[in-house]
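Biologist: Please place the sequence and the structure before us, and let us then discuss them.

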Amino acid sequence: MRILLWHVHGSWTTAFVQGPHTCVVPVTPDRGPDGLGRARTFDWPDSVVEVPAERLRDEHIDVVVLQRPHEPALVDRLLGRRPPLVHVEHDAPHGNVPDTRHPAADIPGVTLVHVTHFNRLMRDAGPAPTTVTEHGVVDPGHRWTGELPRAAVVVNEPVRRGRATGTDLLPAFAAAAPLDVLGLRTEHLAEHLALPPDRCRAHELTQARPHTEMSRRRVHVHPVRRTSLGLSLLEAMHLGMPVVALATTEVTESVPAGAGVVSNRIDVLTEAVRGFVADPLRARLAGGRARAAALARYGLSRFLDDWERLLKEVTR
């Protein structure tokens, strides 16, 4: 098939484009949000082709994968027709939950695909047919060494996003173990939190480096209050890292017993961080269980098989 989708969510798209189809991604001269084209910091196969937005009308498209509310209007304007539509919802609902109505609920002919069962449960899809295709992760390999007795936190823009990403919880975790916060726009985080630099180091990283840097830390801390299901959590598990995470959204479904500690009690979580940092063997064993669980549930083959079935169904 030839699948039209916009480059919106780099990590999710990196898994999606590993399938057998040709993925057409629009590109504009400014490479803005509606025309980013091919990724520059992710490894995408040659089956992902850039097409200038103004030439999409001449392209054969079998199905469109939508990801944002305004994209149906882009389809109408740029294609002049509507192939079968699939809307992937990456985010947990905000606002008036659980009465939040999904923007795709009233689009005729659209199939709504959630990435977690929590999202499906919490969003009002109206008459739209809905399904869940859980995340898949390109396996980075078992890289954990845990050589540094520090905790890794992966988050973009922690100062701006604040409570949603659990930024206010970082001082409690920093008291349990020194933190390395990896992500985009992490500068001045320690100053913002009034933490000594040695207890909270910010690392401004591109996509090429986080896996190597994460795996050198003893434990992965996932303090996010409100997200669909952080791919950084699943990637840490693939790396063989033990994880300590808030028991919110889909996390309790994703981290089995023995792979880490999941709780909404900060004292339980900080004690778990202390324990993993102090006991490398315990961290190694939990990380091994985390990797096995991640490969079984969030492996790339399962993800691509699920999408293959869905795409055949909607284009039948």
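Biologist: Which residue in E2 is the bridge partner of Leu4?

Modeller: The model is a predicted one, in which local features need pLDDT of at least 70, side-chain atom pairs count only at pLDDT 80 or more, and totals for chains, interfaces and linings use all residues. Residues are numbered from 1 along each chain as its sequence is written, and side-chain values use heavy atoms, leaving out hydrogens and water. Strands E1 (residues 2-5) and E2 (residues 22-27) pair in the parallel sense over three bridges; strands are DSSP runs of E, at least two residues, numbered from the N terminus, and pairing requires at least two DSSP bridges. In E2, the partner of Leu4 is Val24.

Biologist: In which order do the seven strands form the open sheet?

Modeller: The pairing is parallel. Strand E3 (48-52) and strand E7 (130-132) are the edge strands, each pairing on one side only. The order is E3-E2-E1-E4-E5-E6-E7.

Biologist: How far apart are the end C-alpha atoms of helix H10?

Modeller: Helices are DSSP runs of H or I, at least four residues, and the expected span is 1.5 Å times one less than the number of residues. H10 (residues 266-278) has 13 residues and should therefore span 18 Å. The end C-alpha atoms agree with this, being apart by 18 Å.

Biologist: Which residues of H10 are buried?

Modeller: Buried means under 20% relative accessible area, with a 1.4 Å probe and protein chains only. The cover over these residues includes strand E8 (148-154) and helix H5 (170-176), where contact means heavy atoms within 4.5 Å. The buried residues are Leu269, Thr270, Ala272, Val273, Gly275, Phe276 and Val277.

Terms used: Buried means under 20% relative accessible area, exposed over 50%, partly exposed in between (1.4 Å probe, protein chains only).
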